[in-house]
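Okay, everyone, thanks for coming. Let me put this one up on the screen and walk you through it.

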Amino acid sequence: MNRLLNTFRTATILIVGGIAAILLFTLLGSLLVAVSIFVVVAAVAGGLHFLIFGRGKMPKFEDIQRSPGGFDMIDVTPPREPRRPH
């Protein structure tokens, strides 16, 4: 009788564990699909925004220079004191 109860207990544990694993993988899979859909939609929306409106404008600063590649650079280096007084 004990052997039969142990067999049923083991079978019950395996069935409950299997159901829990199925639910866990289903929930995690659904979450993964939802996140990936959000990322794809955000990437497409960003690409369309870039195509329609172009690149955003940078604020006007006095120190904006053009690099050789054509990118905007802002000089944030603090000014140095002169090496010798005049």
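So, pLDDT is the predictor's confidence in each residue, from 0 to 100. This is a predicted model, where local features need pLDDT of at least 70, side-chain atom pairs count only at pLDDT 80 or more, and totals for chains, interfaces and linings use all residues. Residues are numbered from 1 along each chain as its sequence is written, and side-chain values use heavy atoms, with hydrogens and water left out.

Overall, the protein averages a pLDDT of 81, with 73% of the residues at 70 or above.

The order along the sequence is α-β-β, that is, one helix and two strands. Those are DSSP runs numbered from the N terminus: helices are H or I, at least four residues, and strands are E, at least two.

Back to H1. Its 52 residues should span 76 Å at 1.5 Å a residue, and the end C-alpha atoms are 75 Å apart, so that agrees. The expected span here is 1.5 Å times one less than the number of residues. Just after H1, Gly-54 has a positive phi of about 80°.

What about Leu-51, buried or exposed? Leu-51 belongs to H1, and it counts as exposed because its relative accessibility is 68%. Buried is under 20% relative accessible area, exposed over 50%, partly exposed in between, with a 1.4 Å probe and protein chains only.
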